[in-house]
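Me: I would like to go through this structure term by term, with each label set against its definition. Please give the cut-offs as they come up.

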Amino acid sequence: MEIDGNTLIFIILILFLFFSSPGGNGVTSQYEFNQIHLFTQQLETEYSAFQNLTYNSNFKNITGLKLSYNDVMENPLINATYPIDSKNYEQWYNNENYLIMPDEIIQTIGDSVWNLTNDEQKNIFPPIITSTLLGSINLDSNNKYSKIRMPLANFYEPARDFSDNVPPMGETYIDDWEDYGEIHNVTFTKGEMKVQFTHVDKVHTSLQSKKKKYFNTQDENWKLLNVKVDFTDKNENEKHSINTLGIYDIRTGRILAMSESAKFHSLFALPHYMSVGNSRTEQKEVFEQSKKLIAEYWNTSNYIDTLTMGYLNTMYDDAVEKCEFMMFFQLKPWNQYNKDQLKIIDDELKWPLGRPANLSHIPDITVTSALVYSPDCGISLSTKNIHGERYELKIRSIRMHLLCGIFLFVAQIYLLLRQMQHTNTPSSVNKISFYTFCMINLVDGCLATLYFISATLVPELYLPLVISAFASFILASIFETRYLISVYASQVNERNVGIVTLLTGHTEDPETSNQRPVVIPDEASISSSLYGRFAITLITFTFLILNSMSWPRHFRIMFEYSAIFILNSYWWPQVFRNAIKGIPSRRERERIENLANRRQNKMPLLWKFIIGTTFIRTLPIVYFFTYSSNIFRHHKDTRFVVILSLWLLFQIAVLYSQDILGARWFLSQHTIPEGYTYFKPVSLALLKEHDDVNDTIDTGNKAISNENHPSNITTTVDCAICMSEVPVYVEELPETHGVDIHDYMVTPCNHIFHTLCLENWMSYKLQCPVCRAPLPPC
Amino acid sequence: MSVDNPTGLHNYPVTKTCMILTAVVPFLMAVTNDKYIFLAQYDPFINQYHQYYRFLIYQFCAVNESDVMLLLLLWYYYRHIERLFGSYKYINVILLTIIYTTGILSLLNIAVNILFPTMIWNKLATGTLPTVLALFHFYKQYTPQLYEVNLSLSRPWSGKSSNGSFRWTINNQVFLNITIALLILNQGLTGICCGLISWIIGIFMEKGLLPGVDNWRIPFLRHISHLDTPLSGGSHYRMAHAQQQTTEIDALNDIQAGNIHPDDEAPDEPERSLGVQFLDTFRR
């Protein structure tokens, strides 16, 4: 391509658009600058209020914490502007006069959630709990408790038009909005819960910094966590997700996380709420230590300076769309270990060296009980015994599964190579069904793309994932597509022929068949078009699969089941193809074994390949559908697997019956018109059509007249392949009836060749060597 | 001057196996994330965890990828030894070297650590570094130098002692020497220490202080046809004689396969004396 000035300018423009995304904090306008400025100011005042906070004093002007439950009980429409008259800011007790939860909830937390007392340090909790826990969640009540009014500052709102430079001041209450809807409620009574804990040990110290810095000086007792909680109803119609920070007290196994948004700055509330359920003396210690943790996080990460527009917008969206949730988790102690053993286990998981850690017996991270309470929506939920294995262990087991998968791919490549060796001539490839391999190829190609995508998402598993992707990619795009190309090339003659014609093997009339373009595309053009098709279907299907993962459960399962079922019907096209080709029964094949064309009558697919491929492709499905703790947490459905296996067995049984009884046994005799037969007597008229044949007939006649020996009487034509004479059986000449009609072949276009010559030719190309007319395979 | 061995690994089954193992084992171990079992350290693996197996297997996988590359290169250089010894003797020597180096290094390390508990020597080198260093002696011993080059640099450093120019003599084995140096430097003090001990082990083996090179043979491999060359004997005479035999057999095989006309391959020069034959082994 020649690059002139215009193209260059265009490229520069495109590159400029690419690279000119707002850097740093993402501010792109005066309005946003002011928004960030106001946000920073708000947080700074709140942080200074937080610094002055003691275990025995109340929150002052901190967003979302200005009212207590009791304030709202007394006056449901109270204005939350600080300071509120008659509110006691100088004292703190863990009851509803100070907290934003009712006494009943506080009682429940103390009695049945955070109920493990750890007086003599008897219980030992795992210090590192990176994991994904799964379980069920129950709704306790969604209308019993009063809703805390949480004002939302107006400056969070996005600009209304371009000339808008100053964000609006003041506050608003979302409860007063008109379209304030059901999203602020939990309507199901029983649902599924997923909790993901990740440790936050290191933080970036500025927006540009690449390096992260440790901040926690109380690392042996306190951990800062990133907590992601999702809970949905069984059918995934209603989904609540929270992504926030939490703190973990290793000595007591208590985890507290509160959602964060523009109407609830929960980070500042963590110290007070962490001490809920503690005695007065413990309260002080817990408060001060957790406050120190928060302050260290705040200062090391330069919280104020690293704020971005994206964060501000998320805060605003969360405030408008979601309820705030406070989550209290109680971990199950790992009392079977002492601290040294726990350290060895953690080290080994983090940096495997072969320490004596016995990783196969590590228990799951378990939350024995948890309470989720929403102060602004008045919802209370609870859960028991949610559990999941450590992230590193999970990665290990996924790695093992991936290695098994690679082994399956290698086995499939080996089988395919054997199959390709088995059908190495166009004539035998012709009997293979194109669509059977299309289906197989589609699945392998999709796996390759999915592996590639996940390799970028899970850096821990990069190597095995890339190797899996590579193996499946080789299988799909090199071996299978190669095979597809040769199948397609051998069948290109039949592309515009009707099924009935194919079934009979007749080319209808010589005239009509001559009208068909005889230009057969060469292999290069076939391969380029097939590769194009392969890529497009692959991308479409992969997108469909990725997209389907976000569909509601009902649709997703329907899609999954039907896709699996359809893609596992891959032997049907081959059954169909066999019937078209009319492969004779095994006994018949054995009978004609001594003939030269024995090779062309074998079954197109090796049994080794059929059984092996079915096994390789069903094994993963069986694993995911029957083994309930499989790596993808796929639900268990043994019935589907049984049906699917029977379906596959049925297909194989039909293929086997075709092998034994002949490919057309299920079609009644008279539905199949007689196929084209190459072995037939020749009429004199036909011979006369050929110019060069006349001479031969003459010489034949001469031979008759010269030698009056009946056995030597022959009529011959020239075989265009070996250029020697072919004796033919002419109906009208009884002298020639000593010739075996199996010694020569007559093509539909009335050319005559030696049987051996034409059969050898037909294993390379199904075209008449003389006139290029398509030949029906015999 | 035709000094090179035929390139490629055709007819070098042992070298080929060694190279494949050197590359494939680390790769498989990386995929399964189990490379760490080849780390051999006295503390903590032996004295705390009692994982004695580490001192037996540490030679089978190089933990660093750069070591893998260097070892591959070195095994390729060492194909001269296979050509000289024959595959059967070569594999015996390799196995013997592995056994001696593994055993002696492990026992020495344990002994040193028991005698001097201050941890002066904690780690063993990973990969076949000890074996390669022991074979290095064999290589030097049996491969004559083909040529040497004098590099003379005038005033390399403009110091006061600039009366003479700096002279450096290198020979055709300089690349091998550099690779060996890189290999032992690549693992730091551990590599240097283990490498030197292994080199000494190689010398002892060749001199007969550590017995077995001449007469120890693995029994079950004898019947594997392509290793069963007559080259497995020790004496130079038999070696040279056999070399000629094998080339003749190879030539015959080729003729039978119809690849080469007999005239192309059969030597039309007069019979050479034994000394010439021996030297020719390295010349052509």
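Me: What share of residues 638–656 of chain A is helix, and how far apart are the end C-alpha atoms?
Reply: The span is 100% helix and 0% strand, with its end C-alpha atoms 26 Å apart. Helix here means a DSSP run of H or I of at least four residues, and strand a run of E of at least two, numbered from the N terminus. This is a predicted model, in which local features need pLDDT of at least 70 and side-chain atom pairs pLDDT 80 or more, while totals for chains, interfaces and linings use all residues. Residues are numbered from 1 along each chain as written, chains are lettered from A and ligands numbered from 1 in the order written, and side-chain values use heavy atoms, without hydrogens and water.

Me: Which residues of chain A does UniProt list as "transmembrane region"?
Reply: The unreviewed entry lists several spans, including 461–479 and 638–656; such annotations may be inferred rather than shown by experiment. Residues 461–479 of chain A are 95% helix and 0% strand. Residues 52–78 of chain B are 63% helix with end C-alpha atoms 31 Å apart, and residues 174–201 of chain B are 96% helix with ends 22 Å apart.

Me: What is the secondary structure of residues 719–772 of chain A?
Reply: The stretch is 15% helix and 19% strand. UniProt, in an unreviewed entry, annotates residues 719–772 of chain A as "domain: RING-type".

Me: What makes A:K66 and A:E171 a salt bridge?
Reply: The term requires a side-chain nitrogen of Lys or Arg within 4 Å of a carboxyl oxygen of Asp or Glu. The N to O distance for A:K66 and A:E171 is 3.5 Å, and the pair is a salt bridge. A:K66 lies in the loop between α2 and α3 of chain A and A:E171 in strand β3, so the pair ties together parts 105 residues apart in sequence. Over all chains, the structure has 21 salt bridges.

Me: How many salt bridges join chain B and chain A, and how much area is buried between them?
Reply: The salt bridge count is zero. The two chains bury about 980 Å², 69% of it on carbon and sulfur atoms; buried area is the accessible area (1.4 Å probe) lost on being put together, summed over both parts. B:V31, B:Y36 and B:Y49 supply 54% of what chain B buries against chain A.
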